[in-house]
Every structure is written in structure tokens, then in C-alpha cells.
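Subject: Structure handover

Dear colleague,

Please find the structure below. My notes follow it.

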Amino acid sequence: MTEETFHWNDRELLRYLGCKNGAAPDQNTADLIIQCKQELERAASPRVIWREYPLSFQGHVIDMTCLQTESKSLERNLKDCERVLLFAATLGSQVDVLLHRYNMIQMSKAVVMQAASVAMLETFCDEQNQKLKEEYEEKGWYLRPRFSPGYGDFPLECQRYIAPALELGKRIGVTLTDSLLMAPSKSVTAVIGVSRLPRNCTVQGCEVCAKRDCAYRR
Ligand code: SF4
């Protein structure tokens with residue numbers, strides 16, 4: 001990364017490492033975390049893309065213009081939305097090189113690198129999502145939390161339509177394998193609902209949101 005130092009979410013990183021309720025890691029793991037963060041900051045080249053599409057519903061079919069699907073969990077999440085943002089982000093291929101290297105030579109570090117890279121991608125997405133949220137709110141639109149293919153009953157197959165719609169290969173260097181995995185591996189696609197109705201969603205999503213009785217909760 002060439003920009004300013006990345007804003008790590010240590011709590012998330014520890015959660016991905018399996019440390020419950022922000023419990024402190026042992027000294028060896030704490031040292032590995034510092035090393036992994038530094039190496040990831042050097043290796044990652046985060047890129048993001050999004051495009052807006054009209055949204056309509058035909059019965060239970062969700063029509064996002066470039067893709068049609070049925071999913072009860074996504075339908076609930078997009079309730080009252082008139083548009084969607086298709087969103088994708090990646091940390092770039094050098095992060096996979098790092099992961100591969102430590103898988104070969106130091107498994108304990110590979111485990112920490114895996115958790116740190118997932119946390120890095122999530123935090124990068126949250127930051128981009130926050131910027132979009134603010135831009136849209138200035139225009140009187142409200143964003144719902146990111147919802148990725150594979151969440152709930154939102155079919156992973158939808159990646160096949162999201163990839164060409166966002167021109168993932170050309171724009172951010174992400175390709176899809178036949179088994180619908182993304183390369184580089186630390187990449188994500190998502191749908192973000194756009195509504196005139198405010199819900200004050202957190203960009204981290206429903207899992208961390210305090211509004212337990214929300215009708216849109218996924
Ligand atoms: S539970 Fe929270 S984050 Fe999820 S849709 Fe409702 S308000 Fe938004």
C-alpha cells in the first residue's frame with residue numbers, strides 16, 4: 001500500500017483468529033500479528049468498484065437488471081429499496097503470494113496471516129462502504145448492509161453475473177474460477193440496497209447491529 005497506514009480493526013482480527021470477546025492473544029501470537037500486519041500493508045493493493053442498478057421485484061424474483069435471483073434473505077434485506085449497488089473489492093494478488101509462502105514454511109504464521117488478511121479486506125470494504133453511505137445520505141438515499149452471494153440463501157452462482165457486470169477482470173484484476181471462487185482469494189462481491197427509507201444500518205452489517213427487532217435483519 002502506498003497511502004497512509006491502514007486502519008486495522010484489531011477486534012475483528014482477533015475474532016477471526018478465534019480469540020473470544022476480544023481476549024488477548026499470547027505473546028507469540030501478538031508478535032506474529034504485528035509482523036503479518038506490516039507485511040500485509042506492504043503487499044496489499046486494495047481496489048474497489050461499484051455500480052448502481054435499478055431494482056424491482058416480480059413476485060419473489062429479485063430483478064437487479066443485470067441479474068435476477070430468488071433469495072428470501074436477500075429479499076428481506078432489500079425490502080423498500082429502489083436501487084442496488086453491486087460492489088466488489090480485492091486486496092490484490094500479492095496477498096495470495098504471502099499466504100502461499102507462509103503455508104509452505106511457517107504454518108503458525110500462515111494462520112495469523114489468513115485471519116489478518118480477512119480482517120483487512122473486511123475493514124477496507126467497511127471504509128469504502130462508509131464513504132458510499134455518506135455520499136448517498138447527502139442525496140437523501142440510505143444504504144442497507146452489504147450482502148454477498150453465499151450469505152443465507154443468496155446463490156453463489158450470482159457471482160457469474162456480478163463479475164461481467166462490474167467488469168471485475170478489467171477494472172480490479174479479479175477473475176472467477178469454474179467453481180465460483182475468486183482469484184485473488186482475498187476478494188469479495190456484494191449487493192447493497194439503496195432506499196429512500198432510513199434504517200441507520202451499520203456498515204459492519206446486521207451481525208453487529210443493536211437493532212435486534214429490525215424487520216430487515218438478515
Ligand atoms: S439489523 Fe441493523 S444493520 Fe441490519 S438491516 Fe436492520 S438496521 Fe440495518
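This is a predicted model: local features need pLDDT of at least 70, side-chain atom pairs count only at pLDDT 80 or more; totals for chains, interfaces and linings use all residues.

Residues are numbered from 1 along each chain as its sequence is written, and side-chain values use heavy atoms, with hydrogens and water left out.

Ligand site

Around the ligand are Pro145, Arg199, Cys201, Thr202, Gly205, Cys206, Cys209, Lys211, Cys214, Tyr216 and Arg217 (near: a heavy atom of the residue within 4 Å of the molecule). This shell has six nonpolar, two polar and three charged residues (Ala, Val, Leu, Ile, Met, Phe, Trp, Tyr, Cys and Pro count as nonpolar, Asp, Glu, Lys and Arg as charged, and the others, Gly among them, as polar).

Four-stranded sheet

Helices (H or I, at least four residues) and strands (E, at least two) are DSSP runs, numbered from the N terminus; two strands pair if DSSP finds at least two bridges between them. Four strands make an open sheet with antiparallel pairing, in the order S1-S5-S9-S6. At its edges are strand S1 (47-54) and strand S6 (142-143), each of which pairs on one side only. Helix H5 (residues 107-138) packs on this sheet and touches S1, strand S5 (81-90), S6 and S9 (contact: heavy atoms within 4.5 Å). The direction of H5 makes about 145° with that of S5 (axes are lines fitted to C-alpha atoms, for helices over the stretch in contact, and angles run from 0 to 180 degrees between N-to-C directions). S6 and strand S9 (residues 187-195) run antiparallel and are joined by two bridges; Leu143 has Val194 in S9 as its bridge partner.

Three-stranded sheet

A further open sheet has three strands in the order S2-S3-S4, also with antiparallel pairing. Strand S2 (56-58) and strand S4 (68-70) each have a single partner strand, so one side of each is left without a neighbour in the sheet. From one strand to the next, the twist averages 30°. Three bridges pair S2 with strand S3 (residues 61-63) in the antiparallel sense, and Ser56 has Asp63 in S3 as its bridge partner.

Backbone details

The Ala183 to Pro184 peptide bond is cis, with omega near -5°. Pro184 lies in the loop between strand S8 (182-183) and S9. Glu167, in the loop between helix H6 (159-165) and helix H7 (168-172), has a phi near 50°, a positive value in a residue other than glycine.

Regards
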